[in-house]
Amino acid sequence: MFRNVVAIERALGTGIIISSSVPISQRVQKRIRAFVEEYESVLSRFRADSLVSRMASAEHGGEFEFPEWAGPLFVLYSEFYAATRGAFDACIGADLLALGYNNSVQFVPELAASASSNIGSWANYCRSLPIAWSDISQDSDGTTLRTNQPVQLDFGAAGKGYFVDLVTQIIKEELGSDSPADFDFLVNAGGDMRVCFSEENSQIKVALENPFDTTQAVAVASIASGALCASSSARKRWKVKEASYLGKDASGFESNLIATHLINALDGIPACDLCASWVYIPAKTCDFPTAYADALATALFVSQESDLQKIVQTTSAEFAVISPNHALRKTRAFPAHFFAD
């Protein structure tokens, strides 16, 4: 099905793999690689020269003009921020940085389940988010952000998925009317993937990683044209040696706790009610299915499912989640067979 592969190593910190039934020309590959550089130069909080980093170092804030392509991403964050009552927030970058998630972070290999006993120790952890997404004003076209203090943004909750959608758009634009009748392709950014089939009934099988043993699969999904994204506490986990919040000591903090990147913006504490989530969104229901699937996979960790119902219904999303006690919960039409079923 996908006999041709283009790999872009280290892109977005995870690498991008584009698999296709027909070779993608060097010209299109060059455009995609150039866009990787542009995307990172705007949104990466790990690059000192990025626009996001300039916002973080602006002592008195300022006016920051983003590319036109960033507009829909900001709309998505506003939508999820409202739906989750602030639990889903791009300003979470300050929490991640304060807890040690930077360029030098060392992830630990223990299984997600082994960290669950550490989560309770966060009960006395206290911090106050200095600025929230709702505090950042936008101009009428939605691509200029205005702040009055430093803001550490992190778009990791939906950024990879959104990038996958934009790369998908590039491929479709470049091929245009010259696209072969049987041209199928898959864009995969570290497990956030979008597949595009020329035939409506075509599918691809994808193994879903077991959060309790990442060497095994817990299910196999059958994916038609659309997006599949996952979030898990099993991969990005690290020991927090000390915690200070933008110069202010965090009260009640205990050293050597296990943190994850799945942080609730309301209290700054890593989410612990789930171990893994998967979201599938068909391509025909929205313009950016991978971005929404990526965001929903994270939002399920930090918010109630009832708060997300409007987004789920609008995008026709199907999802599944696994709790620390191994309990599985899924929507009726989530396209996967779980081995424990």
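A residue is called buried when its relative accessible area is under 20%, exposed when it is over 50%, and partly exposed in between, with a 1.4 Å probe and only protein chains counted. By this rule S19 is buried, because its relative accessible area is 12%.

The structure described here is a predicted model, in which local features need pLDDT of at least 70 and side-chain atom pairs count only at pLDDT 80 or more, while totals for chains, interfaces and linings use all residues. Residues are numbered from 1 along each chain as its sequence is written, and side-chain values use heavy atoms, with hydrogens and water left out.

## Overall composition

The protein contains 8 helices and 18 strands. These elements are DSSP runs numbered from the N terminus, with helices being H or I runs of at least four residues and strands being E runs of at least two. The protein has 341 residues, and 55% of them count as buried.

A contact requires heavy atoms within 4.5 Å. Among contacts between residues at least 6 apart in sequence, 68% join residues at least 24 apart.

## The sheet of eight strands

Strands of a sheet pair through backbone hydrogen bonds, either parallel or antiparallel. Two strands are taken to pair if DSSP finds at least two bridges between them. In this protein, 8 strands form an open sheet with antiparallel pairing, in the order β1-β2-β6-β7-β10-β15-β16-β17. Its edge strands are β1 (4-8) and β17 (328-330), each of which pairs on one side only. From one strand to the next, the twist averages 10°.

Within this sheet, strand β2 (residues 16-20) pairs with strand β6 (residues 185-189) in the antiparallel sense over 5 bridges. I18 stands opposite V187 in β6. Not counting residues up to four places away in sequence, S19 touches F2, N4, V5, D184, F185 and L186.

## Helices that meet the sheet

Helix α6 (residues 159-175) lies across β2, β6 and β7 (192-196), and runs at about 25° to β7. Helix α7 (residues 289-302) packs on the sheet as well, touching β7, β10 (226-232), β15 (276-282) and β16 (318-322), and its direction makes about 150° with that of β15. For these angles, axes are lines fitted to C-alpha atoms, for helices over the stretch in contact, and angles run from 0 to 180 degrees between N-to-C directions.

G159 is located in helix α6. Its relative accessibility is 6%, so G159 counts as buried. Apart from its neighbours within four places in sequence, G159 is in contact with Y39, Y77 and D294. G159 and A295 are 136 residues apart along the chain, yet their C-alpha atoms are separated by 8.5 Å.

## Further strand pairings

Strands β8 and β9 form a hairpin with 2 residues between them. Strand β9 is also joined to strand β18. A separate group of 3 strands forms an open sheet with antiparallel pairing, in the order β3-β5-β4. Here β3 (62-65) and β4 (137-138) stand at the edges with a single partner strand each, so one side of each is left without a neighbour in the sheet.

| Strands | Bridges | Facing residues |
|---|---|---|
| β8 (residues 204-210) and β9 (residues 213-223) | 7 bridges | I204 and I223 |
| β9 and β18 (residues 336-338) | 3 bridges | V220 and H337 |
| β4 and β5 (residues 144-147) | 2 bridges | S137 and R146 |

Most residues other than glycine have a negative phi, and most peptide bonds are trans. R10, although not a glycine, has a positive phi of about 65°. L12, also not a glycine, has a positive phi of about 55°. R10 is found in the loop between β1 and β2, and L12 is found in that loop too. R10 is exposed, with a relative accessible area of 68%.
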